[in-house]
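View the structure first, then read the points below.

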Amino acid sequence: MGIDLPHGHHVKKTNRDAPASKDPYLGLLVKLYRFLARRTDAKFNKVVLKRLFMSRVNRPPLAISRLAKYMKGKEDKIAVIVGNVVDDERLLEVPKLTIAALKVSRSVRARIVAAGGEVLTFDQLALRAPLGQNTVLLRGVKNAREAFKHFGAPGVPHSQAKPYIRSKGRKFEKARGRRGSRGYKV
């Protein structure tokens with residue numbers, strides 16, 4: 001009878017070591033930050049490299065309003081967002097900001113430039129702050145996606161999960177468990 005060997009020798013490494021995207025420009029940024037992460041001691045470059053590998057779901061967009069809120073009192077620093085910066089019409093006055101992001105919407109770019117700020121690309125950022133000095137690293141809210149509202153089990157007592165239904169009317173998932181006249185209400 002043979003012995004049962006411990007099968008712990010084949011553990012797949014699940015962390016990404018390259019982006020799944022075939023975008024050649026993203027590939028060049030990865031090359032640049034891989035070099036900086038290896039040749040400098042700055043943790044900033046390692047974090048940026050790791051975020052460049054991330055999927056789109058893990059690189060949520062950041063609104064200009066939230067960006068302005070986070071940068072209050074830090075106007076002399078560079079805001080770094082490994083993701084997209086999108087416009088928010090509810091923000092009436094955009095402060096003077098210097099931002100570096102993967103993608104900035106046309107309207108945001110125009111508003112920042114009009115306020116006397118500037119928008120950098122990551123290669124320009126690498127020349128200006130190779131160690132991430134005077135930068136503020138920011139991210140968007142990850143669980144702001146509509147899909148997060150549906151996670152969990154709808155219909156279970158005290159669950160706040162949103163059911164996938166056609167409409168929110170009287171005829172849709174409003175019977176048993178939803179009103180006292182139809183069995184019970186939770």
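Helix α5, residues 122–128, is where L125 sits. The model is predicted. The points below start with this residue and then turn to charged side chains.

**Buried leucine**
- L125 has a relative accessible area of 0%, so L125 is buried.
- Beyond its neighbours within four places in sequence, L125 contacts Y33, F44, I78, V80, A100, P130 and T135.
- V80 is 45 residues away from L125 along the chain, yet their C-alpha atoms are 8.8 Å apart.

**Salt bridges**
- The whole structure holds five salt bridges.
- R111 and D87 pair at 2.8 Å, N to O. R111 lies in helix α4 (residues 106–114) and D87 in the loop between β2 (78–86) and β3 (98–104), so the bridge ties together parts 24 residues apart in sequence.
- R111 is partly exposed at 22% relative accessibility, and D87 is partly exposed at 27%.
- R128 and E118 pair at 3.0 Å, N to O. R128 is in helix α5 and E118 in strand β4 (residues 118–120), so this pair ties together parts 10 residues apart in sequence.
- E146 and K162 also form a salt bridge, at 3.0 Å, N to O. Both lie in the segment after β5 (135–138), 16 residues apart.
- Shared partners join E146, K149 and K162 into one salt-bridge network.

**Positive surface patch**
- K43, K50, R139, K142 and R145 gather in a patch of positive charge on the surface.
- K50 belongs to helix α2, residues 43–53.
- K50 counts as exposed because its relative accessibility is 56%.

Technical notes. Residues are numbered from 1 along each chain as its sequence is written. This is a predicted model: local features need pLDDT of at least 70, side-chain atom pairs count only at pLDDT 80 or more; totals for chains, interfaces and linings use all residues. Side-chain values use heavy atoms; hydrogens and water are left out. Patches are made of residues with over 30% relative accessible area and no salt bridge: like charges are joined within 9 Å, nonpolar side chains (Val, Leu, Ile, Met, Phe, Trp, Tyr) within 5 Å. Accessible areas come from the Shrake-Rupley method with a 1.4 Å probe; for residues, only the protein chains shown count as cover. A salt bridge is a side-chain nitrogen of Lys or Arg within 4 Å of a carboxyl oxygen of Asp or Glu. Lys and Arg count as positive and Asp and Glu as negative; His and the chain ends are not counted. The place of a charge is taken as NZ of Lys, CZ of Arg, CG of Asp or CD of Glu. Helices (H or I, at least four residues) and strands (E, at least two) are DSSP runs, numbered from the N terminus. Buried means under 20% relative accessible area, exposed over 50%, partly exposed in between (1.4 Å probe, protein chains only). Contact means heavy atoms within 4.5 Å.
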